[in-house]
Amino acid sequence: MKKTLSLILALALCLSLCACGRGNETQSGNNGSSDETIRILLNEPFTIGEYEFTITNWEFVKSLDTVLLAQLQNTLSESDTYIKFDFSIKYIGKEAKWGHTLDWYSLDYNNGFILTDGHGVYADDSYSSGWRTVSVSTEFQPLSEALTCKWFFSVNSEVETNENAPLMFVIDIDGEKAILNLR
């Protein structure tokens, strides 16, 4: 009887370990596995490859201030509405590297309408040289200051008003993705 009870308890223990053993996996892990998608939270730093990001704000805006409009005059299309993201990016690699930053950011509207025509400006933390337009490639230097970025997408009014449709900001660097669910 004792052996039977011990066997049943051991079997129950094995089944519970099998059922719960994978419970430590996270959707927001930063361990570098390309199969995982990082779930972004506002004001929480996250790492993709050799870059550390912190998204601090996002909002729909009807117009851009004149300084930013002057910087982006030839890149953004005329629109009634823009969606703007404020974030910082810090290169944490050990060697100088060129990043194709225009290819990194997209919006996923309503699970499949992908907007990739965003444009942005950036400045170092001191703003000593003012806002600069993000070009196709940006050189990142080791031990450099974080860049403060503003990224814009021209969107039609439906993207703002259709609150039932999912909307996500996606950062994809070499197949490693991070997603900020906006709604």
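This is a guided tour of one predicted protein model, stop by stop.

**Before selecting anything.** The model is predicted, so local features need pLDDT of at least 70 and side-chain atom pairs count only at pLDDT 80 or more, while totals for chains, interfaces and linings use all residues. Residues are numbered from 1 along each chain as its sequence is written, and side-chain values use heavy atoms, with hydrogens and water left out.

**Whole chain.** Colour by pLDDT, the predictor's confidence in each residue, from 0 to 100. The average is 78, and 66% of the residues score at least 70. The protein has three helices and 13 strands; these are DSSP runs numbered from the N terminus, with helices being H or I of at least four residues and strands being E of at least two. Of the 183 residues, 37% are buried (under 20% relative accessible area, with exposed over 50% and partly exposed in between; 1.4 Å probe, protein chains only). The accessible surface comes to about 11100 Å², 53% of it from carbon and sulfur atoms (Shrake-Rupley method, 1.4 Å probe; for residues, only the protein chains shown count as cover).

**Residues 21-34.** Select this stretch next: pLDDT stays under 50 here, and the model has 15 contacts beyond four places in sequence for it. Contact means heavy atoms within 4.5 Å. Then select helix 2 (residues 66-72), where mean confidence is lowest, at 58. The highest mean, 95, is in strand 13 (residues 176-181).

Two strands pair if DSSP finds at least two bridges between them. Strands of a sheet pair through backbone hydrogen bonds, either parallel or antiparallel.

**Strand 13 and its partners.** Select strand 12 (residues 167-173) with strand 13: they are antiparallel, over six bridges. I171 stands opposite A178, and I173 has E176 as its bridge partner. Two residues lie between the strands of this hairpin, where D174 takes a positive phi near 55 degrees. In strand 13, I179 is opposite R39.

**T54.** Finish in strand 3 (residues 51-61), which holds T54. Is T54 buried or exposed? T54 is buried, because its relative accessible area is 15%. Beyond neighbours within four places in sequence, T54 contacts N43, E44, P45, D86, F87 and S88.
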